[in-house]
Amino acid sequence: MERRMVLSAWGRAPLHKQTVKEAEIDLPEIAAGIKTLSNGLEIIVREDHSAPVVSLQAWCRAGSIHEDQWLGAGLSHLLEHMLFKGTSKLSANAIAQTVQDSGGYINAYTSFDRTVYWIDVPVFGYESCLDVLCQVVSDAALPEGELAKEQEVIRREFAMGDDDPDSVLSKMLFSTAFAETPYRHPVIGYRDAFDQVTRDDLVAYYQRYYVPNNLFFVVAGDVDTAKVHEQIEKHFAALPRRWRRPVFVPGEPRQFGRRDAHRDFATNLSRWKLAWHVPSLENADTPALDVLALILGDGRSSRLYRRLREERELVHGIGAAAYTPAHQGLFIISGQSDADKRQDAEAAAWDCVREVQESGVTPEELAKSIRQLLSDHFNTLCTMRGQASQLGGCWLLARNLEFSREYIAAVQKVTPEDVRRVARTYLILDGVTSVSVNPPQASNGGPAKTLPARDRGVERLVLPNGLTVLIQEDNRVPLVTLHSVFRGGLLAETPENNGITRLFARLLTRDTENRTSDEVAAAVESAGGGIGSSFGNNSFGVSVGVMEPDLALGLDILSDALLCPSFPPKSLERERVHQLASIRAEEDRPMTVAMKLLRRGLFGTHPYSLTTAGNETSVSGLSREQLLQFHGDFVCGQNGVLAVFGKVDAKEVRGLLEGRLAQLPEGRQTIVAGEGALSEPVGAGQTDFTETHNKEQVILLAGYRTCGLNHPDRLALDLLDEACSDMASRFFIRIREDLGLAYSVGASQLVGLHPGCFFFYVATSLEKAELAERELLDEIEQVATGGLTDSELARAKNTFAGKEAIHLQNARELAGVAALDELYGLGWNHHLNLPERIRAVESAEIKAAAAKYFTPENRVIVRLLPKG
């Protein structure tokens, strides 16, 4: 359980005018049992019958720090890729197709100290997927013919990492901060060492580490423990325990003096990190270090965020984390600044550290951090994968399935003096490492199956002002989600005000007529919750998450945000600066650059041709008056939906709503769905774009205009998307696996109230770009003329159903989906009816939709190539 305390998906936030409701919150037990076979294989099973989903995980105690004589060659990561290439009984395609036919999703990751293979799957397919997982880890074929192709794929991964400023910065940090420990080497390895790896090396590494006494399985979900044991034993009982020579992981000597590494990079913003050595997970100071990270840099009420972003406007993003693995770790402060502000930002971060060292922290800050840890813990438990991952991490690092509960209990005993003491002990001047990447010249100094039904129990009501409210009681964990959405987004924008939805939505979570931004952040974060905004092509919204005792507080915060935002000039200018910075940062992301060109060709003057961030001219011109007008036009009852999901009492919710959100003006529904909203032909100005960028990789896109959410072709296109996107798709197999032309290949869609688009993508290298484009267009033509095979269609249906079940395990995700479906006119229960409608789609409908849309006349092609 390597804990990285980062800003949550909620974009955390706080308040003062209403105190947090004090209540004892019991930590739910994650009851799990462990069985050890005679050969040392361990099987951990957690039964949870709350959703028809199972997470299957195989953990190997081997990561990049264990590579011994191969250290720095990336053998652990290469082996992770190769294990999917077949066993003595299953081909690579059979592995992918079995999982997809079961409606599941398979993936893996490699870290410093582990390699984990996992499959999330609906309950109907877990047995076949468990067979696959057992065979993959115990009987990998490691075919010679696949090795060269997979090595080429990883070389593209090297190139993509070298293009990514955050990846480059992370490697710089670990290689600079660590001098002796193998944590200094990147998990993927070094290109020159990687190129020397042979199949014999790979086989030797596999035989050394992938043995029963170095593996364990974690299964969480809608299963029977005895059946899981029986199935895994069938594969492993006959395999012998093997002797393994232990790998010595040297400790890190004390750092004497500051270390610096700074470099120029093709980026528009400076990204920087300050880091200090801290002890491992088992040390008694670790809970206090995690609390220190939360107080300094987690959320809008954190000290770094308030001082550096809000008050001094030195950064666009800031956070802190305590990285504490089984060996020595790092305490890290990370920031993103304009290049000319980086050094001032680092100095200001140091000031915040010294302030804690000298004056300590307040009891309120400490209480808030404990609430945040509790909330993070509960959110982890909301999905089967979260439960399995937590159990696996606890077992790997502590050999204690209850470690997370015990750790949180230890956190609750941390005192303000403990936090001050660890800040003084570890965050010392001569022990700091400073790294940064900066814009050039700125580095100065540095077959369809049915899922069992689950009762959703959603109550729908409409307030007198027209606001639709959805309420669902879910008592699994003591969390509550309040999710409000309104029609708007890009469909409410013009080229002149492009970016207003994003700016508006972010400001909704800040100052109101009753609370300052700091007060909003302090109150909700003190309740262990968060406030965040969403914005997209068709809508925007505000969400608040709290724990059960603080429902009234959460609803009050949300009501305040929707009813009386104040948009003070200082906050407006601050958010404008950060949005302009994000526009510049988009140039660092090749896929984003390519998608802008594709939108322009496909949508012409329609709002979908715009981007949510806007452009520098439009965002610079947005005024407070425009924001107030936008609020009056779009935040109204007839134009919105509110979902209240979680551990709530429906009657209490109805009573609370009558007090505040009933005051929302009625207004009108502002945007309607319309297939005729796009009269301009595809590529009216241009259908073929070739541009260059300062990156090594090539992005190829082929896009086609399609239809809207409510069109009869919608489900056929969704199934085409599934069939063309997964690891068993003909595109993946032909272009990536058979020909080795790309690191990533697939398809995706832009779907909305107005006609959207379907696009295929390839990420490749310059020397392979021409052939990759020909192969991509050839595969698209085959789909356009022949549709999908029966097996492809069956697999797509199962995958679609499986993803829905996996995605909608917790109340937060359900609230978001139900609210948007209701808002878009599909009905809140659209996701409940969707599996049956998907099963009814016939092959002829798929073929007709592909032939209708995937035509050369309806196509725009984009090529993004390296300069020179």
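The largest cavity is lined by Phe84, Lys85, Ala92, Asn93, Ile95, Ala96, Ile106, Met727, Phe732, Ile733 and Glu737. The structure is a predicted model, in which local features need pLDDT of at least 70 and side-chain atom pairs count only at pLDDT 80 or more, whereas totals for chains, interfaces and linings use all residues. Residues are numbered from 1 along each chain as its sequence is written, and side-chain values use heavy atoms, with hydrogens and water left out.

Rolling a probe the size of a water molecule over the atoms shows where empty space is left. A cavity is here a set of points, on a 1 Å grid over the protein atoms alone, where a 1.4 Å probe fits but cannot get out; lining residues have an atom within 4 Å of a point. The volume of the largest cavity is about 80 Å³, a volume being the space filled by probe spheres set on the grid points, which are joined across faces, edges and corners. Helix 2 (92-101) and helix 25 (730-738) each supply at least two residues of this lining, and helix 2 gives the most, with four residues. Helices (H or I, at least four residues) and strands (E, at least two) are DSSP runs numbered from the N terminus. By class, the lining comprises eight nonpolar, one polar and two charged residues. Ala, Val, Leu, Ile, Met, Phe, Trp, Tyr, Cys and Pro count as nonpolar, Asp, Glu, Lys and Arg as charged, and the others, Gly among them, as polar.

Positive phi values occur at Asp68, about 55°, and at Leu142, about 50°, although neither residue is a glycine. Asp68 is found in the loop between strand 3 (53-60) and helix 1 (75-82), and Leu142 in the loop between helix 3 (126-138) and helix 4 (144-163). Asp68 counts as partly exposed at 30% relative accessibility, whereas Leu142 is buried, with a relative accessible area of 2%. Buried denotes under 20% relative accessible area, exposed over 50%, and partly exposed the range in between (1.4 Å probe, protein chains only).

A search of the whole structure finds 30 aromatic pairs. In the pair formed by Phe630 and Phe634, the ring centres are 4.5 Å apart and the planes stand at 35°, so the pair is tilted. Rings of Phe, Tyr and Trp (its six-membered ring) pair if their centres lie within 6.5 Å; planes under 30 degrees apart count as stacked, over 60 as edge-to-face and the rest as tilted. Phe630 and Phe634 both lie in helix 22 (residues 624-634), four residues apart, about one turn of the helix, and both are buried.

Terms used: 1 Å grid on protein atoms, 1.4 Å probe; cavity = no way out; pocket = protein on both sides within 12 Å on 5 of 7 lines; lining within 4 Å.
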